Amino acid sequence: MKKFLLGTLGLVAMVAPALAADLPVKAPPAPVMPIFNWSGFYIGGNGGWGRSDNCWEIITLGVFDGCHDRSGGVIGGQIGYRWQLPNNHFVFGLEAQGDWANIRGSRVSLLDPALTLNTKLDGVGLFTAQFGFAWDMWLWYVKGGAAVTGSNFTISSTATGADLVSANSTRWGGVIGTGFEYAFSPNWSVGLEYDHLFMGGSDLSFTTNGVCILACLPVNVLNRVNQDVDMVTVRFNYRFGGFGGPGVVAKY
């Protein structure tokens, strides 16, 4: 019996390594793939098209003098910060944007056809908060906040085109907008954005300096000019940080 047990143990010792070699080996875990994360500071540039609507009212006479729209190019830059919630699609951000504009237009006065009303929008600033939803390297967002514009308003002679009086205006209002953005590399993204600016009305005093304006009104002619602005821009941003930025989300 003793010899039988010893023989059995020896046989097991020889066969066990061979059986173990035939057992399936557990595959190593799949590598962890990072999902793009939009968190971090960014800086970029933008350019596109803008359109401004302006309506004139001569307060001195209490009459409406017509509306006209104007369009032209805009170009500028933006800087901001975004934060994407951990393990979540929601993105929040703050941004400041400044654009040079060349948006100008004119129309003949309804009250006095001898006069032409001219407007030029030459600067736009936006200070906004953002809320977005991200699908990996795609981001859709809405934005809203404060807007500021710089404009020049001129009354000129319809016959000669000579400027008679002018006034500059810097006004504050509100803005809402929306856009899509795509990250085509770890740090670079491109996007398309639309913004509407509600700039309201502004009272402008045109000093005639003795020139006959609107049938030789008194020296100061008071006008109210209402303004709305639409902008469509293509944007490029550089985000500081790695592929996933701060707070990389892992995908298994």
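Tutor: About 70 Å³ of space lies in the largest cavity. Keep in mind that this model is predicted.

Start with the lining of the largest cavity. Its residues are Phe 36, Trp 38, Tyr 42, Arg 82, Glu 181, Asn 187, Trp 188, Ser 189, Asn 237 and Arg 239. Two elements give two or more residues to this lining: β8 (188–207) and β9 (220–239). Four residues are nonpolar, three are polar and three are charged.

Stay with two of those lining residues, Tyr 42 and Arg 82. The charged end of Arg 82 sits over the ring of Tyr 42, at 4.6 Å from the ring centre. Arg 82 also lies over the face of Tyr 141. There the distance to the ring centre is 5.5 Å.

Next come the rings that pair with other rings. Two values describe a pair of aromatic rings: the distance of the centres and the angle of the planes. The structure holds 11 aromatic pairs. One of them joins Phe 90 and Phe 131. Their centres are 5.8 Å apart, with 20° between the planes. This pair counts as stacked, because planes under 30 degrees apart are given that name.

Where do Phe 90 and Phe 131 lie? Phe 90 belongs to strand β4 (residues 90–108), and Phe 131 to strand β5 (residues 115–135). The pair therefore ties together parts that are 41 residues apart in sequence.

Another pair is formed by Phe 133 and Trp 135. Their ring centres are 5.0 Å apart. The planes meet at 65°, so this pair is edge-to-face. The cut-off for that name is over 60 degrees. Phe 133 is partly exposed, with a relative accessible area of 24%. Trp 135 is partly exposed as well, at 44%.

Now put the rings together. Ring pairs link Phe 90, Phe 92, Phe 131, Phe 133 and Trp 135 into a cluster. The stacked pair of Phe 90 and Phe 131 is part of that picture, and so is the edge-to-face pair of Phe 133 and Trp 135.

Note on methods:
Residues are numbered from 1 along each chain as its sequence is written. This is a predicted model: local features need pLDDT of at least 70, side-chain atom pairs count only at pLDDT 80 or more; totals for chains, interfaces and linings use all residues. Side-chain values use heavy atoms; hydrogens and water are left out. On a 1 Å grid over the protein atoms alone, a cavity is a set of points where a 1.4 Å probe fits but cannot get out, and a pocket is an open set with protein on both sides within 12 Å along at least five of seven lines; lining residues have an atom within 4 Å of a point. Grid points are joined across faces, edges and corners, and a volume is the space filled by probe spheres set on the points. Helices (H or I, at least four residues) and strands (E, at least two) are DSSP runs, numbered from the N terminus. Ala, Val, Leu, Ile, Met, Phe, Trp, Tyr, Cys and Pro count as nonpolar, Asp, Glu, Lys and Arg as charged, and the others, Gly among them, as polar. Rings of Phe, Tyr and Trp (its six-membered ring) pair if their centres lie within 6.5 Å; planes under 30 degrees apart count as stacked, over 60 as edge-to-face and the rest as tilted. Buried means under 20% relative accessible area, exposed over 50%, partly exposed in between (1.4 Å probe, protein chains only). A charge sits over a ring if NZ of Lys or CZ of Arg is within 6 Å of the ring centre and within 35 degrees of the ring normal.
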